[in-house]
Amino acid sequence: QVQLAESGGGLVQAGGSLSLSCAASENTFSNYDMGWFRQAPGREREFVAAITPFGRDIYYADSVKGRFDISRNYANSVYLEMRNLRTEDTAVYYCAARDSTAGEWAYWGQGTQVSVSS
């Protein structure tokens with residue numbers, strides 16, 4: 001059972017930047033896809049970005065391409081650098097993990113709030 005803990009987030013003005021981090025309870029570098037999702041009030045959880053083992057492949061939602069960067073270290077952490085934030089980026093951001101051979105994101109963090117003011 002992989003446990004995930006997010007950190008970072010907070011309140012920022014539109015156009016600003018924030019960084020999120022997520023630490024897993026075990027080494028995930030070679031076996032797990034790691035991802036970020038978000039859920040805004042009244043909306044369904046949506047995919048933001050994902051990175052495969054060894055950082056081999058990276059995927060972004062169209063809404064964040066060119067503004068967000070996902071990365072991972074050689075051990076158990078994944079990061080999300082967010083630039084040029086917009087008010088519509090306001091949401092609870094969740095870190096997720098899955099075995100790279102699985103389809104379902106099986107492990108989730110508790111979430112961290114990102115609020116962007118106009």
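## Terms and model

A residue is buried when its relative accessible area is under 20%, exposed when the area is over 50%, and partly exposed in between, using a 1.4 Å probe and protein chains only. By that rule Asp89 is buried, because its relative accessible area is 0%.

This is a predicted model: local features need pLDDT of at least 70, side-chain atom pairs count only at pLDDT 80 or more, and totals for chains, interfaces and linings use all residues. Residues are numbered from 1 along each chain as its sequence is written, and side-chain values use heavy atoms, with hydrogens and water left out.

Strands here are DSSP runs (E, at least two residues), numbered from the N terminus. Asp89 sits in the loop between E8 and strand E9 (91-99).

Contact in general means heavy atoms within 4.5 Å. Not counting residues up to four places away in sequence, Asp89 touches Arg38, Arg67, Phe68, Asn84, Val114 and Val116.

Two strands pair if DSSP finds at least two bridges between them. Four strands make an open sheet in the order E1-E3-E8-E7, with antiparallel pairing. Strand E1 (4-8) and strand E7 (68-72) are the edges, and each pairs on one side only.

E7 pairs with strand E8 (residues 77-82) over five bridges, in the antiparallel sense. Across this pair, Ser71 stands opposite Tyr79 in E8.

## Two hairpins

E4 and E5 run antiparallel and are joined by five bridges. Gly35 has Ala50 in E5 as its bridge partner. This hairpin has six residues between the strands, and Gly42 takes a positive phi near 75 degrees.

E5 also pairs with strand E6 (residues 58-60), antiparallel, through three bridges. There, Ile51 has Ile58 in E6 as its bridge partner. Six residues lie between E5 and E6 in their hairpin, and Phe54 in the turn has a positive phi of about 65 degrees.

## The nonpolar core

A nonpolar core is a set of buried Ala, Val, Leu, Ile, Met, Phe, Trp, Tyr and Cys residues joined through side-chain atoms within 4.5 Å. Which members of the largest core touch the most other members? Of its 29 residues, they are Leu4, Trp36, Leu80, Met82 and Tyr93. Elements giving two or more residues to this core include strand E3 (18-24), strand E4 (32-39) and strand E5 (46-51).

Met82 has partners from several places in the sequence. Leaving aside neighbours within four places, Met82 is in contact with residues including Leu18, Leu20, Phe68, Tyr93 and Val114.

## One disulfide

A disulfide is a pair of cysteine sulfur atoms within 2.5 Å. A search of the whole structure finds one. Cys22 and Cys95 form it, with their sulfur atoms 2.1 Å apart. Cys22 lies in strand E3 and Cys95 in strand E9, so the pair ties together parts 73 residues apart in sequence.

Are these two cysteines buried or exposed? Both Cys22 and Cys95 are buried. The torsion about their S-S bond is about -80 degrees, so the disulfide is left-handed.
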